[in-house]
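Subject: The structure, and what turned up in it

Hi,

Here is the structure I said I would pass on. Have a look at it first, then read on for my notes.

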Amino acid sequence: MAELFDMEEKQERLILVGVSTSEHDDTKESLEELKELVKTAGAETVAMVIQNRERPHPGTYLGKGKIEELLLLIEELSADGVVCDDELSPAQMKNLEDALGTQIMDRTMVILDIFAQHASTREGKIQVELAQLKYRSSRLIGMGHVLSRLGGGIGTRGPGEKKLEMDRRLIKDRIAQLNRELEDVVKSREVLRAARNRNPIPVVSIVGYTNAGKSTMLNYLTGAGVLEEDKLFATLDPTTRNLVLPSGQQILLTDTVGFVRKLPHHLIDAFRSTLEEAKYADIIIHVVDASNPDCDKHMHVVYETLRGLGVTDKTVVTVFNKQDMLREAIAAGAMLAETQKDLKADETVRASAKTGEGMEEVLAVLEKILRESKVLIEHVFPYTETAKIQVIRKYGQLLEEEYREDGTYVKAYVPKETYMQLFH
């Protein structure tokens, strides 16, 4: 009988390390999130270590005593590597690697690895490789054998590993080439946006912290069939779907990549064209995981990221999602507030995209906002102008329609642009 070999990839065992610079910072929560990121990347967290310092050590990130403690922990737990919760300088990475004798990664490497696994479109793959190369180009000195490391672990996969021994010149050339390719993709995205602007169909962009339930909401409302997983960054490439509201009004609903604490600036730069979908939206749906104890901090991260992208003057509907899980958590004794507030939002709705609870209210709120931005018309269109009534049906909200001798009487709300199109 032929011998069977276990070809399964060995799951990496990792120790997570963070530096707390004050008793009021969120290092513990940030490490818990890093644990989720590591799990999403396919590895296992075997220990979490926090060092209290005024600031991270400039040469080794951690102090000498904590490094000695880590050495013993690595041996005791048979750990394959250490992940630091902050982005390390090339010197910190090399010095820590030399001191601990194991692979050292940082939060950025883990996030880049997840993005490399989840990019499926041409744009997503270009953006990920660009972010990987920009990160690596600043770390060529000091990374030593890390660049030529083989295997299936975090930081070794994705399009950025096509040439393991790339020197600075090759990386620079590749970055220039990718930037040109990305420019072409961005141009085509801008053409699509321009076409959308000419067609006055309102655009609603779904934003939120990663894993808040954005894809579940998009699927529930539009049947988009987008991947839903209880993992961070499960969906990466933006999806736009048509949605017909109960009044018959059409809107375009766009899902965006999730936000996260300490989102690497390489990624924000690379994914700017994708993230900027929110900039061109008429309304923003801000999805919040109401069952997460850190939801206030998550909301702050989302608003800060939007502000960094120049998205500051939009109508925001905050949906406190996962109400079913919130009730379960409260029943189990969790110290969570039954109702949350978002003072920056124009409207708030409590819902559960998974069960459909509150989804009708979300649609009603969208209709109310869109109606407030429209003009009420009462007009009799001659039968020679029936095409205009089709325009009203598509872009407006038809309230009354009556066939008369001299034409069709219509009472409807229409966007200002449509009003100009109908009567000028």
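This is a predicted model: local features need pLDDT of at least 70, side-chain atom pairs count only at pLDDT 80 or more; totals for chains, interfaces and linings use all residues.

Below is what I found, going from the whole chain down to single residues.

Residues are numbered from 1 along each chain as its sequence is written, and side-chain values use heavy atoms, with hydrogens and water left out.

**The chain overall**

You will find 14 helices and 13 strands in the chain. Both are DSSP runs numbered from the N terminus, with helices being H or I of at least four residues and strands being E of at least two. Of the 424 residues, 52% count as buried. For that label, buried is under 20% relative accessible area, exposed is over 50%, and partly exposed is in between (1.4 Å probe, protein chains only). As for contacts (heavy atoms within 4.5 Å), take those with a separation of 6 or more: 71% of them come from residues 24 or more positions apart.

**Aromatic rings**

How many aromatic pairs does a search of the whole structure find? It finds 2. Rings of Phe, Tyr and Trp (its six-membered ring) pair if their centres lie within 6.5 Å; planes under 30 degrees apart are stacked, over 60 edge-to-face, and the rest tilted.

Phe-381 and Phe-423 have ring centres 5.9 Å apart and planes at 25 degrees, so this pair is stacked. Phe-381 sits in strand 11 (residues 374-381) and Phe-423 in helix 14 (residues 416-423), so the pair ties together parts that are 42 residues apart in sequence. Phe-381 is buried at 0% relative accessible area, whereas Phe-423 is partly exposed at 30%.

Phe-423 also pairs with Tyr-419, this time tilted, at 5.0 Å centre to centre and 50 degrees between the planes. Those two are 4 residues apart in helix 14, which is about one helical turn. Tyr-419 is partly exposed too, at 29% relative accessibility. Put together, the ring pairs link Phe-381, Tyr-419 and Phe-423 into a cluster.

Another ring to look at is Tyr-409: Arg-404 lies over its face, 4.2 Å from the ring centre. A charge counts as over a ring if NZ of Lys or CZ of Arg is within 6 Å of the ring centre and within 35 degrees of the ring normal.

**Two packed helices**

Helix 1 (residues 27-41) packs on helix 4 (residues 107-118) at about 35 degrees, with the axes 9 Å apart. Axes here are lines fitted to C-alpha atoms, for helices over the stretch in contact, and angles run from 0 to 180 degrees between N-to-C directions. On the helix 1 side, the residues making contact include Leu-34, Leu-37 and Val-38, and on the helix 4 side they include Val-110, Ile-111 and Ile-114. By class, the contact has 7 nonpolar, 4 polar and 3 charged residues. Nonpolar covers Ala, Val, Leu, Ile, Met, Phe, Trp, Tyr, Cys and Pro, charged covers Asp, Glu, Lys and Arg, and the others, Gly among them, are polar.

**Buried loop residues**

Leu-62 lies in the loop between strand 2 (44-52) and helix 2, and is buried at 0% relative accessibility. Leu-62 is 43 residues from Val-19 in sequence, but their C-alpha atoms are 7.4 Å apart in space. Val-19 is also among the residues that Leu-62 touches, as are Val-17 and His-57.

Gln-249 is in the loop between strand 6 (239-244) and strand 7 (250-255) and is buried at 1%. Among its contacts are Pro-202, Lys-374 and Tyr-395.

Asp-294, in the loop between strand 8 (283-289) and helix 10 (295-308), is buried at 17%. Not counting residues up to four places away in sequence, Asp-294 touches Glu-29 and Arg-261.

Most residues other than glycine have a negative phi. Ser-78 has a positive phi of about 50 degrees; this serine is in the loop between helix 2 (64-77) and strand 3 (81-84) and is partly exposed at 49%. Asn-211 also has a positive phi, of about 70 degrees, and lies in the loop between strand 5 (203-208) and helix 7 (214-222).

Cheers
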